[in-house]
Amino acid sequence: QQPQQSQHNNTRMSDSWFDKNDQESLNFDQNQEFINPIENEELGIENDNNSFGIDTGLGEIGNSIANKLAEDMLESTKNKAQGFMNIYGNIDLIRPYFDVSTNEVLNRLLYSFIPKSNSPLLTEKPDLYGPILLLFTLASIILLGLKLSKQEFQQDTLLGTALAVCFTYWIFSSCIFVFLKYIFNNTLDFLRLFALTGYAHFGVCISLLIHCFFYTVIPYIDILSLLFGGLSAFTLGMNFFYTTPQKKHGVILLLVTFICQFFFLLYVMIFYADIKYL
């Protein structure tokens, strides 16, 4: 009888221990239910469908629509930020084409007037720094010509007009030369062709400067100015001639490039720097 009573007491103690643990677990869960909403609200953790905590006063449907719009705006902003980061990463792809020293640029500017088969413009790594610098310089000179010629343009559009003329011609003429390059089996690569076309604007810059500053003083100074532009245009054509296997096709490329470049110079002089005598 004594062992049975001891076993009965142990059973009662075990039941009491489990009841006590169950009660503590229940109290802990109730406390968590009370605490978690406060913590979640402080930490910004969503508790329901209203993930952004927007209360439109239009009920559950209105809140759901407002939160959906907020999520879409957040996603769009994240995508745009990611796009900007990708663009910044892609800058490394074009950085080598701007890695050029001042002496190299000056040497290539000089050889834009000297037609040679071993010119640095044809043998060394091409760059875009020099051509883009020349285009901005040419745009500034065209802007000067517009002001001196007193053309009827709105003052706030002069710079935009000058930049548009320069970059449009550079891109358009380069695309034409690329098309002719494939027709006549020229060996110039795409980037070098753009660089050659850009450096050919050095003669245009010098011609326009002489025209703007000395045309009103020396009436026939344009003959000298056209020599610089014509020489750079001829050098550009000769660079195409040197890189074309069949010389007959090379002559055609020489003539086409020379005519395009020289007529661009005449076009700028007549329509954007038509300076009258004093």
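Visitor: What kind of model is it, and what pLDDT do local features need?
Guide: This is a predicted model: local features need pLDDT of at least 70 and side-chain atom pairs count only at pLDDT 80 or more, while totals for chains, interfaces and linings use all residues. Residues are numbered from 1 along each chain as its sequence is written, and side-chain values use heavy atoms, with hydrogens and water left out.

Visitor: OK, rings. How many aromatic pairs does the structure hold?
Guide: The structure holds 12 of them. Rings of Phe, Tyr and Trp (its six-membered ring) pair if their centres lie within 6.5 Å; planes under 30 degrees apart are stacked, over 60 edge-to-face, and the rest tilted.

Visitor: What's the geometry of phenylalanine 136 and phenylalanine 167?
Guide: Their ring centres are 5.4 Å apart with the planes at 70 degrees, so the pair is edge-to-face. Helices here are DSSP runs of H or I with at least four residues, strands are E runs of at least two, and both are numbered from the N terminus.

Visitor: And the relative accessible area of phenylalanine 136?
Guide: That one is 43%, so phenylalanine 136 is partly exposed.

Visitor: What about phenylalanine 177 and phenylalanine 240, how far apart are the centres of their rings?
Guide: They are 5.5 Å apart, with the planes at 65 degrees, so that pair is edge-to-face. Phenylalanine 177 lies in helix 6 and phenylalanine 240 in helix 9, so the pair ties together parts 63 residues apart in sequence. Both phenylalanine 177 and phenylalanine 240 are buried.

Visitor: Which residues do ring pairs link into a cluster?
Guide: Phe136, Phe167, Trp170, Phe190 and Phe194.

Visitor: Switching to packing. How many residues has the largest nonpolar core?
Guide: It has 40, and those with the most contacts inside it are Leu138, Ile142, Leu208, Phe240 and Phe264. Among the elements giving two or more residues to this core are helix 5 (129-149), helix 6 (158-183) and helix 10 (247-272). Helix 6 gives the most, with nine residues. A nonpolar core is a set of buried Ala, Val, Leu, Ile, Met, Phe, Trp, Tyr and Cys residues joined through side-chain atoms within 4.5 Å.

Visitor: What does phenylalanine 264 touch?
Guide: Not counting residues up to four places away in sequence, phenylalanine 264 touches Leu138, Val165, Tyr169, His201 and Val204. Contact means heavy atoms within 4.5 Å.

Visitor: Where does histidine 249 lie?
Guide: In helix 10. Beyond residues up to four places away in sequence, histidine 249 touches Phe184 and Thr244. Its C-alpha atom is 8.5 Å from that of asparagine 185, 64 residues apart along the chain.

Visitor: What covers the buried residues of helix 10?
Guide: The cover includes helix 5, helix 6, helix 8 and helix 9.

Visitor: And what do the buried residues of helix 5 pack against?
Guide: Helix 3, helix 6, helix 7, helix 8 and helix 10. The buried residues of helix 5 include Leu134, Leu138 and Ile142.

Visitor: Big picture, then: how many helices and strands are in the chain?
Guide: There are 10 helices and zero strands. Of the 278 residues, 35% count as buried. Residues 24 or more positions apart make up 69% of the chain's contacts with a separation of 6 or more.

Conventions: Buried means under 20% relative accessible area, exposed over 50%, partly exposed in between (1.4 Å probe, protein chains only).
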